Amino acid sequence: METSVRFPTLPIQPGIFYFGTPVVLLTTTNPDGNSNITPLSSAWALANRVVLGLANEGQGLANLQRERECVLNLPGPDLWPQVERLAPTTGRTVVPEWKRQAGYCYVGDKFALAGLTPCAAECVRPPRIAECPLQLEARVLSIMEREVDAWVGTAGGYHIIEVEVLRTHAHADVVVPGTQHVNPRRYRPLIYLFRHYTGTEIPLGRTFKAEV
Ligand SMILES: Cc1cc2nc3c(=O)[nH]c(=O)nc-3n(C[C@H](O)[C@H](O)[C@H](O)COP(=O)(O)O)c2cc1C
């Protein structure tokens with residue numbers, strides 16, 4: 001049978017390509033010494049490196065450029081209301097015009113707004129978020145700037161940030177007892193899927209390199 005009959009497709013031009021990646025709550029230190037939380041979903045990991053994509057004009061980006069350290073906190077699906085409370089906010093005291101028009105406002109204490117608990121990190125200044133089952137302390141290795149033409153409603157560009165994980169903290173109940181491994185049957189990420197929050201409830205199987 002013709003492939004186009006078995007798998008009919010439509011040519012589409014989606015405005016976004018958020019095809020389902022975990023939400024990361026990036027904690028950084030503001031110029032006044034307070035902590036900021038930046039929700040992001042443009043993140044991927046290879047070995048002990050994580051690469052982040054952050055649009056221009058965010059406070060988390062400015063903090064990373066200045067302080068060059070952070071914590072990548074991975075919330076579980078239960079924390080989506082807290083993440084959504086942070087969504088229309090920025091830690092930037094002067095809200096960029098395009099963000100103001102989109103309904104964003106400045107929030108100085110995002111921990112208080114979201115009802116999350118700061119907890120001291122061991123290798124970096126920004127705090128960990130106690131409620132997140134995985135917390136990765138990291139330092140910045142490189143930052144690259146990228147311009148984007150005609151990207152409606154944004155600052156016209158973004159930065160690619162490569163970080164090195166220095167220390168990992170995991171809730172005890174997501175660790176395989178007596179090992180260094182995260183238990184994929186216990187740990188669940190919060191997934192950002194075409195601007196909707198979702199979980200990954202049903203384990204389907206393991207790749208041949210899985211440790212547990
Ligand atoms: C679930 C979620 C995922 C997001 N993903 C990203 C992302 O990957 N990159 C980005 O630049 N902004 C992302 N944003 C938007 C930022 O969180 C937003 O610009 C915020 O104002 C940044 O805060 P800050 O200025 O205090 O750093 C995301 C927002 C939400 C709620």
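## The ligand and its surroundings

A residue is near a molecule if one of its heavy atoms lies within 4 Å of it. The ligand is surrounded by 21 residues, and the closest are P39, A55, T89, T90 and K110. This is a predicted model, in which local features need pLDDT of at least 70 and side-chain atom pairs count only at pLDDT 80 or more, while totals for chains, interfaces and linings use all residues. Residues are numbered from 1 along each chain as its sequence is written, and side-chain values use heavy atoms, with hydrogens and water left out.

## Composition of the shell

The shell around the ligand consists of eight nonpolar, eleven polar and two charged residues. Here Ala, Val, Leu, Ile, Met, Phe, Trp, Tyr, Cys and Pro count as nonpolar, Asp, Glu, Lys and Arg as charged, and the others, Gly among them, as polar.

At least two shell residues come from each of β3 (35-40), β5 (49-55), α2 (59-67) and β7 (89-90). Strand β3 gives the largest share, four residues. Helices (H or I, at least four residues) and strands (E, at least two) are DSSP runs, numbered from the N terminus.

## Residue V5

V5 belongs to helix α1 (residues 3-6). V5 is exposed, with a relative accessible area of 53%, where exposed means over 50%.

Definitions and conventions. Buried < 20%, exposed > 50% of the residue type's maximum accessible area, 1.4 Å probe, protein only.
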